[in-house]
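Q: Hi! Could you walk me through this structure while I have it open?

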Amino acid sequence: MKNAVIYSRFSSDMQREESIDAQIRACKYYAQNFGYNIVGMYVDKAKSGRSIRKRDQFQKMILDSGSGLFSAVLVHKLDRFGRNGVETLENKRLLEQNGVELVSVVERLDQTPQGKLMLYIIVGMNEFYSANLAQETMKGLKENAYKCLYTGGIPPLGYDVNPDKTFRINETEAEAVRLIFRMYADGCGYTEILSALNNRGCKTKRGKSFGANSLHDLLTNEKYAGVYVFNKSSSRDARGRMNRHKYKTADQIIRVPDGIPAIVTPELWKDVQIRMQENRHKAAKYKAKIEYLLTGKIYCGICGSAMTGEVRRANGREYAYYRCGRGKRLHDCTQHSIPKDLVEQNVIDQVNQKIFSQKNIDAICNRIYISYQKTNGCRAIEELKRRVDSVERKIENITKAIANGVTASEMTDMLNDLSQQKKKMQLQLYELEAVPGAEKKSLEEIKAEFSEFADFKKISPEQQKKILQKFIDRVIVYPEDGGYKIRVIISSKDAAVDEALKYVDLGGNESSPPQKTKSSASAFGLFSALARKNSRKCLSHKKDCVIIRALF
C-alpha cells in the first residue's frame, strides 16, 4: 500500500468552489478504493491557484516531497493543484523528481500518450478559466466603479461600507485623517505626525501603528478629496506582486469627481499636494551618493530590526546616520540613531585588531618565509600551477560524468578528494606568490613590505566595504550608559572564507570556531581564500598589490 497525502485548496475568488471537506472526502474515498494510505494533509484556505507564492501549505508539500514519507499526492481535481499552466507542469515535474506521483481523483489521468495529452488540455483549460474569470470579474467591478460602489478589499481609513455598497464617513477614523492632512499642510514632518498619532492611540484600518509608507499612501489618496478612483495601481508582476506606487495610464483609470463623500476640503487637499511636490524636488536636489559600509549587516540590539542609512541636514550641512528600521517606520523602538562615521570607524578598528592584527600578519610572513626556505620558489610555483591545472581537468571530467548520469559513490568521493587537493595546492601557491621576490628577502624585509599595505584603515571606502561584506556576519548596536555598545560578529556565508577564518586568531570573537594548532594556523588562509579566483591576475610585481589587490 502506497503512502499518500491529500492537497486541497479553497479559492479566494468569489465563485462557488468545492468545499475543503468535500475535496478531502473524495480523496479519502479514492484512496480507500485504490490502495493508498493517507499519512497527511496540506490545506490552503482562501488562496488563489494562480500562483504558489502565498500558498504556504502547497510550498511545504513540495518541500516535504523529498523526505520520502509519501509517494503520491491526491487532489480532487487538477485545478486545486494550480491554475497557472507553466507552474502546474513545473511543480508536477518536481514531485516526479522526488519519486512522488500526482493523482487527480476526478480526472484519473494515466501515463499513456492519450493521458499526457489530456493533462495538457486540462491544464490549459484551467488557466483559460482563471484568466477568463478574472476578465469577467473585472467587467463587473468596473460597472460597480462607474456607479461609485464598493468593489472589495479593505475600505480606506475614514470610510465604512453601507449595505447597498455605497460609502459613508466613519467620523472617528476621519478625525485621524484630517489631523494628518492639517499637520502636513502646516509644515510638520512624518516623524512629528506619527508621534501625534501614536500619542492619541490612532491605528490604521488593519489595527496597526502608522508608518511612513501608510502616511504617504493616505496623503496621495484622491478619495479623501471626494474623487472616486478605481483601477489605479499597476497590475502584478511575474511573481504576482503588486506595486502600489506604479500607476496605470489615465485611460485605464476610472475617476469620478464627487463620487464619494469628501473628508478634507479641496483647499486642504491642494495645499498638501503642493507641499509634497515641493518636498520631492528638495529631496532630489540634496540627494547625494553616500557610501554606507555596513549596508545589510547592521542591526538594532533592542528590537532586532535592520538599521538603515539616513541623512539629516542642518545649517547647509549633511549628517549621515544609521537608524533602526522599525523605529523609523513605526516609532515604537527606543534605539537612537547612531552617527555613521562613529559606528563604521568602531567596526573598522575591531576588524583591524582581530583580522589584520600584527600577530596575524607575523603568522602570514613566517609562513611565506618558511615556504620559500622549503622550496625553490620559482620552480615550486610553476610545478604547483601544473598540478592545479591537472586537478582542475580531472574535476571537470568527473563533474561532466556526474551530470551525464553517472552517480557511483566512488565518483563523488573522488571529486571531494580532488577538491581538497586543489584547495591545499592553491593555498601553497598563494603563499609563494604573496610577496614577489621573497626568496631574496629576509624575514624582516618580508614583514616590512607586507605590513605596509595590511592596514585596513588606510584602504579606500569601496575596498573596505568589500572586505566588511565578506568578513562580517552582522554588527549589533546596543544603547549603553548614554552611548553605544557595538558588537561585531565575524563570519562569512562564503564557504572558502569561513574555512579560512578558522586559521585566524580572532581575539575572542564570539562566533569563531575552536582554533587549530599553531603549526597549521595562518591568517594567510583568509587572504588567499578571497584571492582564490583572481590571484594570478591580481598578484603582479607592483608593490601596492601585495595585500590590497590580493583581496579582490
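**Overall picture**

A: Happy to! The chain has 19 helices and 14 strands, and keep in mind that this is a predicted model.

Q: Thanks. What share of the residues count as buried?
A: Of the chain's 552 residues, 41% count as buried.

Q: How much of the contact count comes from residues 24 or more positions apart?
A: Such pairs account for 65% of the contacts in the chain with a separation of 6 or more.

Q: Let's go to the surface. Which residues form a nonpolar patch there?
A: That would be L109, L117, M118, I121, M125 and F128, which together have about 560 Å² of accessible area.

Q: Where is L117 found, then?
A: L117 sits in helix α5, which covers residues 113-146.

Q: Is L117 buried or exposed?
A: L117 is exposed: its relative accessible area is 51%, and the cut-off for exposed is over 50%.

Q: New topic: how many salt bridges does a search of the whole structure find?
A: The search finds 19 salt bridges. One of them joins the side chains of E90 and R93, with an N to O distance of 2.4 Å.

Q: How far apart are E90 and R93 along the helix?
A: They are 3 residues apart in helix α4 (residues 85-97), so about one helical turn separates them. E90 is partly exposed at 33% relative accessible area, and R93 also counts as partly exposed, with 35% relative accessibility.

Q: Which residue does R178 form a salt bridge with?
A: With E175; the closest N and O atoms of that pair are 2.9 Å apart. Both residues lie in helix α6 (residues 171-185), again 3 residues apart, about one turn of the helix.

Q: And is R178 buried or exposed?
A: R178 is buried, with a relative accessible area of 17%; the limit for buried is under 20%.

Q: What about K422, which residue is its salt-bridge partner?
A: K422 pairs with E392, and their closest N and O atoms are 3.4 Å apart. K422 lies in helix α14 (residues 409-433) and E392 in helix α13 (residues 377-403), so this pair ties together parts that are 30 residues apart in sequence. On accessibility, K422 is partly exposed at 22%, and E392 is partly exposed at 30%.

Q: Which residues are linked in a network of salt bridges?
A: D160, E173 and K205 are linked that way.

Q: Back to α6 for a moment. Which of its residues are buried?
A: The buried ones are E173, A174, A176, V177, R178, L179, I180, F181, M183 and Y184. So E173, from that salt-bridge network, is among the buried residues of α6, and R178 is too.

Q: What span should α6 have?
A: At 1.5 Å a residue, its 15 residues should span 21 Å, and the end C-alpha atoms are 21 Å apart, which agrees.

Q: Nice. What caps the N-terminal end of α6?
A: N170 does, through a side-chain oxygen that lies 3.2 Å from the backbone nitrogen of T172.

Q: And which residue with a positive phi follows α6?
A: G187 follows α6, and its phi is near 100 degrees.

Key
Residues numbered from 1 in each chain as written. Predicted model: local features only at pLDDT ≥ 70, side-chain atom pairs only at ≥ 80, totals over all residues. Heavy atoms only, no water. Helix = DSSP H or I, 4+ residues; strand = E, 2+ residues; numbered from the N terminus. Buried < 20%, exposed > 50% of the residue type's maximum accessible area, 1.4 Å probe, protein only. Contact = heavy atoms within 4.5 Å. Patch = residues over 30% accessible without salt bridge, like charges linked within 9 Å, V, L, I, M, F, W, Y side chains within 5 Å. Areas by Shrake-Rupley, 256 points an atom, 1.4 Å probe, with all protein chains shown as cover. Salt bridge = Lys/Arg side-chain N within 4 Å of Asp/Glu carboxyl O. Expected span 1.5 Å × (residues − 1). Polar contact = N/O pair within 3.5 Å; in protein donor to acceptor, adjacent residues only side chain to side chain.
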